Amino acid sequence: MENMENENLTDMPHVDKEWFDPLPRDFMALFYLICFIYIAIGIYILAKHFIVPSLDIIIAKTEATDSVAGTLIFGGATSVLGFVTSTIGAFVALFGAVADGMSTNKILGGHIYDLTFMAALSILIVPASLLKTLSVRAFFRDIVFVAISSILIFLIFMDDYIVWYETLLLVAIFLLYLLAVRFLRKFMTSKIPKIEAVGNPIGSEPENVEMEDLKDTEPLSLTTTPGSSCCESVFHFISLPAKIPFMFTIPSRSWKCCDASQMAKLYPLTLIVSFVWLGILSYLVIIIANDWGRLVGLPGPITGILIAPVSFDLMSSIILAKRGDLPIAIHAIIGRALINLCLTFGIPTLIYNTISGASLQVSSEGSIYSLIIMMLAVIVLIIEVAISKGKLKKAWGILPLVLFILHMVAALALAYEFIKLPF
């Protein structure tokens with residue numbers, strides 16, 4: 001009898017134990033999905049009410065052009081978490097825990113998504129009445145540096161090893177870009193005569209620049225605004241669990257106990273606390289999405305596609321495009337690619353190479369495909385900006401979107417070996 005019972009037990013399919021095993025898996029799948037949705041709402045609230053308004057203050061204070069505001073300010077802000085985690089990872093790797101699977105696909109893949117889907121979405125949702133013209137010269141300058149950095153990444157990965165002078169070259173490319181920005185700005189400003197505004201002498205800073213720049217931004221509130229539509233009221237009450245923690249932990253104009261103009265001057269602290277929250281939420285997105293995908297039986301590549309839209313990068317692009325700041329949104333996408341390729345990848349790898357004295361082993365598998373798609377995305381944007389002379393109306397968003405769909409179909413087919421590359 002005992003032998004028969006043992007045989008029956010061994011014949012049963014093995015099921016991995018989970019921490020929630022006493023609970024039904026269908027219930028946990030629904031629970032994970034709800035958490036995932038609330039995290040997405042939380043990231044959007046962080047972007048709209050805290051991070052983007054704080055970055056607007058920095059833009060106003062520095063008097064940055066749309067290209068500089070997008071590439072360096074918004075591009076830097078959307079790259080900061082990746083830079084911090086990559087730098088920490090470089091020091092962890094010094095103790096022997098080197099991350100496996102670093103490849104051209106992983107480095108360029110996210111930026112292919114940015115230059116196709118995110119650029120297309122930004123163009124498609126911008127209101128026609130608020131559309132601003134993109135500076136063609138500044139765009140060409142930035143996109144050329146992205147193309148150079150992408151080609152350099154491809155060449156660096158060809159021998160499956162990265163040495164210190166290769167990563168130093170990436171950092172040098174970014175420094176050259178900063179010089180190009182300064183040169184072009186000097187060239188442009190030298191052609192435009194400076195006109196002194198009455199009542200605002202040159203060199204003086206406008207009073208309450210923080211409040212001036214935030215005049216069109218509503219502070220976060222726990223009550224519905226008068227005249228809200230039914231959908232807005234429903235979204236407000238649904239999002240309350242996400243709003244409350246931010247309201248009490250992030251210093252901002254939402255604190256009614258303090259003077260709004262004084263709280264607006266605390267924008268550096270607002271940014272720091274917001275990025276701490278963003279780091280926590282971004283970590284939870286990955287954990288929850290992976291667990292949910294495993295529970296419902298989704299393959300890894302499909303789960304990755306679902307995770308991609310739940311990011312500060314996409315939320316900030318949507319917010320900028322909806323208010324008409326398409327030039328900043330496009331340059332933020334380009335700037336994020338440039339900063340990630342040159343600094344987020346370059347500096348941590350340079351730290352590892354320099355301190356350890358060893359080269360970093362990587363994989364060049366699929367690098368030709370990644371470079372081809374990256375260059376296609378760059379070429380499509382260059383052609384569209386050149387033909388439209390910087391006036392990217394909604395129709396111009398169709399081609400990048402089609403390229404993204406074709407790329408996703410090809411990437412999934414390659415991942416599941418339905419097709420194989422000849423190179």
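Zero disulfides are present in the structure, a disulfide being a pair of cysteine sulfur atoms within 2.5 Å. The model is predicted, so local features need pLDDT of at least 70 and side-chain atom pairs count only at pLDDT 80 or more, while totals for chains, interfaces and linings use all residues. Residues are numbered from 1 along each chain as its sequence is written, and side-chain values use heavy atoms, with hydrogens and water left out.

C342 is buried, at 0% relative accessible area, whereas C35 is partly exposed, at 22%. Buried means under 20% relative accessible area, exposed over 50%, and partly exposed in between (1.4 Å probe, protein chains only).

Helix 4 (residues 104–125) packs against helix 13 (residues 312–322) at an angle of about 30°, their axes 8 Å apart. Helix 4 is therefore roughly parallel to helix 13, a term for angles under 35 degrees. Axes are lines fitted to C-alpha atoms, for helices over the stretch in contact, and angles run from 0 to 180 degrees between N-to-C directions. Helices are DSSP runs (H or I, at least four residues), numbered from the N terminus.

Residues of helix 4, including Y113, F117 and I125, meet residues of helix 13, among them L314, I318 and K322; contact means heavy atoms within 4.5 Å.

Two residues other than glycine have positive phi: E63, near 55°, and K389, about 55°. E63 lies in the loop between helix 2 (25–62) and helix 3 (66–93) and is exposed at 61% relative accessibility. K389 lies in the loop between helix 16 (367–388) and helix 17 (398–415) and is exposed at 64%.

Note on methods
Helices (H or I, at least four residues) and strands (E, at least two) are DSSP runs, numbered from the N terminus. Angles under 35 degrees count as roughly parallel, over 145 as roughly antiparallel, 65 to 115 as roughly perpendicular and the rest as oblique.
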